[in-house]
Amino acid sequence: MNISTDQKVINTIVEAIQDRKGKDTVVIDLTRLDVSNAQYFIVTQGNTPTQVAAIADSVRETLLEQTGIKPVNYTGYSNATWIVLDYGFIMVHIFVPETRNFYDIEQLWADGDFTRIPDLD
């Protein structure tokens with residue numbers, strides 16, 4: 001992928017998250033780090049497991065419709081407190097707040113370049 005394609009995919013994912021009222025969304029650019037298989041992490045949260053699953057479904061469906069891209073893998077639907085969508089170069093992490101605070105992905109990847117996405121009301 002290239003920068004403009006990456007940005008289009010990221011923008012599509014963010015729009016799909018916002019469509020289901022995802023909150024506290026952060027895009028972490030890992031491209032300058034040599035420690036991750038993914039180039040980007042997108043981290044967001046829903047208030048309940050039902051909302052987390054709805055956000056994940058929205059991302060999967062919207063990305064497939066608009067770009068033809070399917071996830072390489074995904075996991076976490078069974079309890080939906082943390083769903084991960086693996087698109088190879090982008091990993092989307094969708095949490096409930098308690099699980100997000102516990103694992104603190106942003107702190108683990110603090111060396112990345114962060115872009116905070118404003119919440120839509």
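I'll start with the inside of the protein. The largest nonpolar core has 26 residues, and I13, V59, L85, Y87 and I90 touch the most other members. A nonpolar core here is a set of buried Ala, Val, Leu, Ile, Met, Phe, Trp, Tyr and Cys residues joined through side-chain atoms within 4.5 Å. Buried means under 20% relative accessible area, exposed over 50%, and partly exposed in between, with a 1.4 Å probe and protein chains only. Two or more residues of this core come from each of α1 (3-19), β2 (40-45), α2 (49-67), β4 (82-86) and β5 (90-95). Helices (H or I, at least four residues) and strands (E, at least two) are DSSP runs, numbered from the N terminus. There is also a second, separate core of 12 residues, which includes V26, L30, L33 and I105.

A word on the source. This is a predicted model, where local features need pLDDT of at least 70 and side-chain atom pairs count only at pLDDT 80 or more, while totals for chains, interfaces and linings use all residues. Residues are numbered from 1 along each chain as its sequence is written, and side-chain values use heavy atoms, leaving out hydrogens and water.

Next, the overall layout. The protein has 4 helices and 6 strands, and along the sequence they follow the pattern α-β-β-α-β-β-β-α-α-β. Of its 121 residues, 47% count as buried.

Now the sheet. The 6 strands form an open sheet in the order β3-β4-β5-β2-β1-β6, with mixed pairing. Two strands pair if DSSP finds at least two bridges between them. At the edges stand β3 (73-75) and β6 (113-117), each with a single partner strand, so one side of each has no neighbour in the sheet. Strand β1 (residues 23-29) pairs with β6 in the antiparallel sense over 5 bridges. Within that pairing, V26 has R116 in β6 as its bridge partner.

V92 counts as buried because its relative accessibility is 0%. Leaving out residues up to four places away in sequence, V92 touches I13, I42, I83, V84, L85 and Y87. Contact means heavy atoms within 4.5 Å.
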